[in-house]
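Here are my notes for your review. Please read them with the model open.

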Amino acid sequence: MAYDSIDVRPVTLRIGAEVFGVDLGGKISNRQRDELHQAMAEHQVLFFRDQNLTHDAHKAFGRMFGDLAIHSGVPGLPDHPEIVAIHADANSKFVAGENWHSDLTCNAEPPMGSILYLPIVPEVGGDTLFASMYAAYEALSDRMKVYLEGLTAIHDGDHVYRPLFPDLDRRYPCSTHPIVRTHPVTKRKSLFVNASYVTRIPEVSKEESDAILNYLYAHCTNPNFHVRFRWKPHSVAFWDNRCTQHLAVWDYFPQTRSGFRVTVAGDAPF
Ligand code: SIN
């Protein structure tokens with residue numbers, strides 16, 4: 001795919017591209033916006049360097065891709081409820097996203113994508129791994145694809161968020177989604193289960209559900225489906241939540257890694 005208003009450099013053949021020639025906090029032309037949409041459809045996660053995003057600019061950039069979603073598990077910033085802080089330092093007991101997941105798949109309409117901006121990163125470490133769920137699906141055997149077709153999985157937010165915020169008296173979403181979903185833009189099929197939110201496949205016994213889910217999670221850890229992003233200060237990662245999973249590596253304790261994330265609303269998987 002040729003681009004003329006942005007410079008798109010794939011990081012791997014399957015997933016991930018670095019994008020140059022666009023100031024996300026400045027004026028983005030319609031042509032650049034359209035090409036960013038195209039690059040997202042083609043590469044699933046886009047990486048940007050040397051950006052300066054105020055909270056308002058961060059939200060404005062997100063709105064180029066849809067409405068912003070309020071995080072259903074983590075409280076947002078007091079004056080910017082659409083923005084959640086992603087922060088870890090010497091006092092942290094956990095970090096967000098340490099297990100493989102897609103964001104908020106517990107929602108009835110999980111987000112289309114998330115935009116993470118990190119002005120502060122550790123000297124080394126703190127990478128984010130992304131996995132292509134297209135690649136994971138396509139590498140399944142034909143027999144397994146037939147088996148999974150029509151099955152669903154229960155994605156529950158309660159066991160994820162209640163232990164993190166024991167003082168908050170909230171109800172967290174729980175939703176049932178197809179295990180194989182079709183991307184609304186590309187029409188490609190992808191695997192849509194993740195170890196963080198999914199509790200079981202309701203159509204089969206608990207034993208069978210556990211065995212199948214464990215097989216799928218192990219399958220998704222194949223590095224052939226992955227790209228690993230090495231952050232620098234003021235980098236941005238924008239991922240398509242409908243066809244990827246990600247994992248934040250916490251190998252930099254007690255150093256600080258800090259920034260902000262906005263989430264773009266999505267629709268019900270089919
Ligand atoms: C997240 O899961 O949104 C956090 C990703 C990261 O910190 O790299």
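**Notes on a predicted model**

1. Next, the pairing of β8 with β12. Strand β8 covers residues 152-156 and pairs with β12 in the antiparallel sense, over two bridges. H155 has V198 in β12 as its bridge partner.

2. S5 sits in the segment before β1 (7-10). Its side chain makes a polar contact with the side chain of E35, at 2.9 Å. Beyond its neighbours within four places in sequence, S5 is in contact with G21, R31, Q32 and E35. E35 therefore deserves a look in both lists, since a contact here means heavy atoms within 4.5 Å.

3. Now the largest pocket. Its volume is about 780 Å³. The lining has 34 residues, and V95, A96, G97, E98 and L164 are the closest to the pocket centre.

4. Which elements give two or more residues to the lining of the largest pocket? They are β5 (83-88), α5 (158-161), β15 (244-248) and β16 (257-264). β5 gives the most, with five residues.

5. By class, the largest pocket is lined by 20 nonpolar, 10 polar and four charged residues.

Notes:
Residues are numbered from 1 along each chain as its sequence is written. This is a predicted model: local features need pLDDT of at least 70, side-chain atom pairs count only at pLDDT 80 or more; totals for chains, interfaces and linings use all residues. Side-chain values use heavy atoms; hydrogens and water are left out. Two strands pair if DSSP finds at least two bridges between them. Helices (H or I, at least four residues) and strands (E, at least two) are DSSP runs, numbered from the N terminus. A polar contact is a pair of N or O atoms within 3.5 Å; within protein, one must be able to donate a hydrogen and the other to accept it, and residues adjacent in sequence count only if both atoms are side-chain atoms. On a 1 Å grid over the protein atoms alone, a cavity is a set of points where a 1.4 Å probe fits but cannot get out, and a pocket is an open set with protein on both sides within 12 Å along at least five of seven lines; lining residues have an atom within 4 Å of a point. Grid points are joined across faces, edges and corners, and a volume is the space filled by probe spheres set on the points. Ala, Val, Leu, Ile, Met, Phe, Trp, Tyr, Cys and Pro count as nonpolar, Asp, Glu, Lys and Arg as charged, and the others, Gly among them, as polar.
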